[in-house]
Amino acid sequence: MNFRWLCFAILVWLSTGLGACKTDQKSTSTSVKEVMDKAVTRLYETHKPEQLDTISHRYILQFLTESEKEVLSTQYLTFDVDVPAVISLMRDQNQKVVPFWLTERGFRKTALLVKNEEYTYEVWQKVVQPGTVRLGINGFDKHRPVYFISVGPQKPGDKLTITNVYPTSQTLDTLRVGAFTYHDWSDLTLTDVPESLRGQILVQTIRGRAREAHLVGAFRRTVSPSQERPDQILLTWSGDPATTQAIQWRTAPSVKDGWVQYWLTGATDTLSKPATAFLMEDRLLQNDRYVNRFTAQLSGLKAGKTYGYRVGSKTGSWSVPATFRTQSATADGFSFIWFGDTHKSPDWGAMARKTLESHPEIAFYSIAGDLVSTGLHRDEWDELWHHSGGIFHYKPLMPIPGNHDSQDGLGAWMYQEMFSLPKNGPANKEVPAEQTYAFTYQNALFLMIDATAPIEAQTAWIRAQLASSKADWKFAFFHFPPYNFEEDYADIRREWCRLFDQYHVDMVMSGHVHYYQRTKPMFAEKPVASPAQGTIYTISIGIPSEHEVWPAADYAQVRYKSGPFYQHMTINGKTLTYTVYDKDGREVDELKIVK
């Protein structure tokens, strides 16, 4: 699967497809989101938790009002056609329940089939007159290969034009062999298209739209619901690590104000800073639908100092005091730890908690993407913070998103609200703020790159960062590894790795493929003799894993089939020491580079 190609227009569905829908000016109907929000609220008010787990498609149709069903039948996808047209709706054969509105709205199943390498779609058709076409939801079951459509003129030779498409971010192409239908899986292309449909207008979509009306088997519970007492306390940087500190935490929505009290250790003066609150909703999280996420930005701190702090509310509870340390004003050396995919795993958490005991001197942590398995489920983030045991309460976490954090083409909005990170990434709308960013710690530059965003849209920014940096050490973090045996990332090697060659990036850190690897130094996609001549590419995994298929890789220096591991890196002037440990703290790989 290729989750990397993701245009900004499709990300707009974050606030449209799962958010507000345009209202038909000729009616008083509301959006799909509004209908589903209200339906979920009524279900919570009238049903016990165990009942929510058993509701069926038939029950939902009885539960909804006629006006609500009308919205769900007509406001999912709309557009205008200027001549009589045939709408062909391609529906995955493996979806057990046909969308309730399909036959009611005049669609009839044909003998035609459309195929790609994974799915076979049956074709349903309807003739429409010039005007507005209104289509309904994919279903209540979150069936990921959602339907897509093509539109052709009813009369051969007519020129057909589609206008006023909603969602406005909907993209159009030509239905043909080789076309892709899902923007979050552009490598999945059509392999079999009936001759009668070829050349029609293809209305592409994303798999994430299956979530818009999800109710069957949808409701979840978190093992750690929010309370009035602050928890999930997290340090990050969004500014200079020497003089600033960002602090985030969670409370129940009943807590309206957030504050940080902080002080230089050993001093008697205590300062206070207010926090901003974001009300985060996960409507299907039945025991914790809303929480407050607070963020406070401390500035004017002294370099190389240890501060005590606590977070809380002036009218409520406060956290247990903790400490953080600002970056030294001089390059006197530092260390950090990074993990590959963590997937909110308790096994990762058990290992991670030990790292703070074994390496209390580290300056920060990083995770190379896939922090959780489903980035739009807040209960999974709750698990991540619970399993981490509070290590990010004491050391900042500087992460990057993976495909699981930015899932199904819906973007990584929940990831974004969890972290306060530098907003110095590419100045274009294709790359969301804070998902690609850079920071410098002492004499090292860190490029934190969102490889789930468009690759080419970030090349110029990477070049500018590398060209302007005077750092002794240059590192890049991004989720998809350029050198691995599972997936070919030729576009990353073409766009980014040639810049790493040109400006001599020392090491690249990735994850995704669930094994450990350190390559030989690479230049122009070939091994070279020493780290001074090329870039070392590393892959790691923070959870248990095993690979049965294990082909040779001439670019690999060290590989391990199974995890988990963590990487400890120390920078002392012109010397780098890279050490890899397994979950029991045994050293499994080491490298020293001296410039």
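In which element does Thr 323 lie?

A: Thr 323 lies in strand β18, residues 322-325. Helices (H or I, at least four residues) and strands (E, at least two) are DSSP runs, numbered from the N terminus. The model is predicted: local features need pLDDT of at least 70, side-chain atom pairs count only at pLDDT 80 or more, and totals for chains, interfaces and linings use all residues. Residues are numbered from 1 along each chain as its sequence is written, and side-chain values use heavy atoms, with hydrogens and water left out.

Thr 323 counts as partly exposed because its relative accessibility is 33%. The cut-offs are these: buried is under 20% relative accessible area, exposed is over 50%, and partly exposed is in between (1.4 Å probe, protein chains only). Leaving aside neighbours within four places in sequence, Thr 323 is in contact (heavy atoms within 4.5 Å) with Thr 265, Thr 306, Tyr 307, Gly 308, Tyr 309, His 393 and Tyr 394. Take Thr 306 from that list. Thr 306 and Thr 323 are 17 residues apart in sequence, and their C-alpha atoms are 6.7 Å apart in space.

Next, a loop residue. Gln 442 lies in the loop between β21 (437-441) and β22 (444-448). Gln 442 counts as buried, because its relative accessibility is 15%. Its side chain makes a polar contact of 3.0 Å with the side chain of Asp 332. Such a contact is a pair of N or O atoms within 3.5 Å; within protein, one must be able to donate a hydrogen and the other to accept it, and residues adjacent in sequence count only if both atoms are side-chain atoms. A polar atom of the Gln 442 side chain also lies 2.9 Å from the backbone nitrogen of Gly 333. Beyond four places in sequence, the contacts of Gln 442 are Gln 327, Ser 328, Thr 330, Ala 331, Asp 332, Gly 333 and Phe 334.

Now the sheets. Strands of a sheet pair through backbone hydrogen bonds, either parallel or antiparallel. Here, two strands pair if DSSP finds at least two bridges between them.

Strand β16 (residues 290-298) runs antiparallel to β15, and six bridges join them. Thr 295 in β16 is the bridge partner of Thr 276.

Helix α7 (residues 378-388) is mostly covered, with nine of its 11 residues buried. Among the buried residues of α7 are Arg 378, Asp 379, Trp 381, Leu 384 and Trp 385. Their cover includes strands of the four-stranded sheet, namely β11, β12 (245-251), β15 and β16. It also includes α6 (346-358) and α8 (413-418). Gly 389 follows α7, and its phi is positive, near 65°.

A second open sheet has seven strands in the order β8-β10-β6-β2-β4-β3-β9, and the pairing is antiparallel. β8 (172-174) and β9 (190-192) stand at the edges with a single partner strand each, so one side of each has no neighbour in the sheet. In this sheet the twist averages 35° from one strand to the next. β9 pairs with β3 (residues 108-116) over two bridges, in the antiparallel sense. Leu 190 in β9 is the bridge partner of Asn 116.

Strand β6 (residues 148-153) has five of its six residues buried, so it is largely enclosed by the rest of the structure. Six bridges join β6 to β2 (residues 85-92), and the two run antiparallel. There, Gly 152 in β6 stands opposite Val 86. Three bridges join β6 to β10 (residues 201-203), also antiparallel. Val 151 stands opposite Ile 201 in β10.

Last, a helix pair. α9 (residues 456-468) and α10 (residues 490-503) pack at an angle of about 10°, with axes 9 Å apart. Axes are lines fitted to C-alpha atoms, for helices over the stretch in contact, and angles run from 0 to 180 degrees between N-to-C directions. The two helices are therefore roughly parallel to each other. Angles under 35 degrees count as roughly parallel, over 145 as roughly antiparallel, 65 to 115 as roughly perpendicular and the rest as oblique. Residues of α9 in the contact include Ile 462, Arg 463 and Leu 466, and those of α10 include Trp 496, Leu 499 and Phe 500.
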